[in-house]
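Visitor: Could you walk me through the aromatic side of this one? I'd like to take the rings step by step.

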Amino acid sequence: MASAFRPSPVMVTLKYAAILGYVAFALFPLYWLVKIALTPDALIFSDGTALWPSALTFDNFRKVIFQSDFMGYFTNSVIVSLSTAAATTLIAAAAGYAFSRFRFRGKGIVIALMLLTQMFPLLMIIAPIYKIVSSLGMLNSLTSLIVVYTAFNIPFATFLMQSFFDGIPKDLEEAAMIDGCTRPQALRLVILPLTLPGLAATLGFVFTAAWSELLFALMLISKNDAMTFPVGLLTFVSKFSVDWGQMMAAGVLALVPSCLFFFFIQRYLVQGLTSGAVKG
Amino acid sequence: MSQPTTIANASGMPRTRFGRAYFRYAVEPWLYLSPAVLLICFVMLIPLFIGVSYSVQSINLLRPFDTGYIGLENFAELGDDKRFWTAMVNTFWWTFGSVTLQFLLGLGLAMLLTRPFHGKRIVQALVFLPWAVPTFLIALTWAWLLNPIIGPLPHWWAAMGILGEPYNILSNPETAMWGPIMANVWYGVPFFAITLLAALQSIPGELYEAAEIDGATPWQCFTKITLPFLGPMIAITVMLRAIWVANFADLIYVMTGGGPANSTQILSTYIFTTAFRKLDFGYASAIAVALLAVLFVYAALLLVIRAKLVKT
């Protein structure tokens, strides 16, 4: 790049200024969330818009974790998100495998139906789902949330898994089957190890999707001990809307699982993007 | 993979082999597919049909004895419902504002990230982070940032002269929509940046080298190489993303609940509040069917535009 064309120092400065601007824009809201969560209650108003708190405290976190219902909400959300992720990944892996390896009658219809589910506004089915769940006596149960979330995430997860299977040469398992493996053996010994990154990515995507779902959880859950984290946090916000420090401490807790997943996945994301890059 | 029919029809095939081939090609895929298909049918497709049928019924959980078929009454009511038409207009502004800003900022970010620079890996990780934040938390965080009691934004804007005094823009019907749009832009820029970055990297580097040798300015490179290459792909991404944004209710519901005075009510939040707060499932479903119709018209337009783009 430098050989043919050397950009002027002004352009370089502008470029780094723009990059810095983007980083600040991306991080500032999260920084503010953490800052207020760490500011002692007495200083919240006197500190005002100061960028750095004049004192730090973990009181808000202590109260949220030990003296509120948030740990219960957190546990509920972990149960729902983990079960949804596991069930979806298993079911979607099977379906994605069928799409990737077989040609069969009705395949086009199934794919069309799956695409249809991605097109219509999900809120269209919030009333019917409520009616069905309540007639089954399953309101306020985490199981109903898990079933609903699993169904919602299957189409996307199936297409994701299909693309991972498409990347594995068919010859591999056919060779194993010619050598006397049954298909389940071939799957377990040959395909599974190669699909592990794909499975992990799908698990992560579905987990974060289930972790942040709000509207269906609001509709289906009204009892305090079955609330997921988003529902619990919103209830807390509408009830104790002056407890700024604690609200934001709870918000920071909600951020933790998503960020863990993000830092795990973003390496692959960036690698995937840069591996095909042409050096400018 | 060989055709199932050729194996099955091959003469002299023993019955057991035929049975096995039949299993392998006709039954086995359905074995793997059935859990997914069953769940999607029972949790999504059947409720979708039930939902459409609700739109011609009176179903309000607060008035349980008033239930039954009422024909197009819900839709007639929609015609006279001022909130509905406000929500329709707001849906347009919400979608247009969010997607335009997301796209422009996302394109800028992608252009910055295509070229190598010091600390690129860490910058990439940081600027993509908003994409992973749960949406309810994005909504709360931005609502707090905009709150003059606890957030800095109103004070900064007042100091810059954008606002006369530091007040909460979410409580003013004139400005309230900007709050959720800002939150949505923050959330959506990484999506566009990731998509556009992948597309930018598919443009052959030789084109830029040749242009530079011929003395083209960076601006000429952008308008003569980058835009023509990315054009069709940009159009499709933007238009598909618009459908998603139009349906996206979480941010507005948490930040303003559609208020003040319905100034931020879009169709999807109106569906949710009608179903959740008023428990009027019939009317909520009628709004949902109307939204579906709007999206359908939009999708049809999109297909026409796409056909034109591909031709040229």
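Guide: Rings of Phe, Tyr and Trp (its six-membered ring) pair if their centres lie within 6.5 Å; planes under 30 degrees apart count as stacked, over 60 as edge-to-face and the rest as tilted. This is a predicted model, where local features need pLDDT of at least 70, side-chain atom pairs count only at pLDDT 80 or more, and totals for chains, interfaces and linings use all residues. Residues are numbered from 1 along each chain as its sequence is written, chains are lettered from A and ligands numbered from 1 in the order in which they are written, and side-chain values use heavy atoms, with hydrogens and water left out.

Visitor: Which residues do ring pairs link into a cluster?

Guide: Ring pairs join up here into a cluster in chain A. Its members are A:Phe70, A:Tyr73, A:Phe74, A:Phe207, A:Trp211, A:Phe229 and A:Phe236.

Visitor: How many aromatic pairs are there over all chains?

Guide: The search covers the whole structure. Over all chains, the number of aromatic pairs comes to 35.

Visitor: Are the rings of A:Tyr97 and A:Phe102 stacked or edge-to-face?

Guide: A:Tyr97 is buried at 4% relative accessibility (buried is under 20% relative accessible area, exposed over 50%, partly exposed in between; 1.4 Å probe, protein chains only). A:Phe102 is buried too, at 2%. Their ring centres are 6.3 Å apart and the planes sit at 75°, so the pair is edge-to-face.

Visitor: And what about B:Phe92 and B:Phe96, stacked or edge-to-face?

Guide: B:Phe92 is partly exposed at 48%, and B:Phe96 is partly exposed at 46%. With centres 5.7 Å apart and planes at 15°, the pair is stacked.
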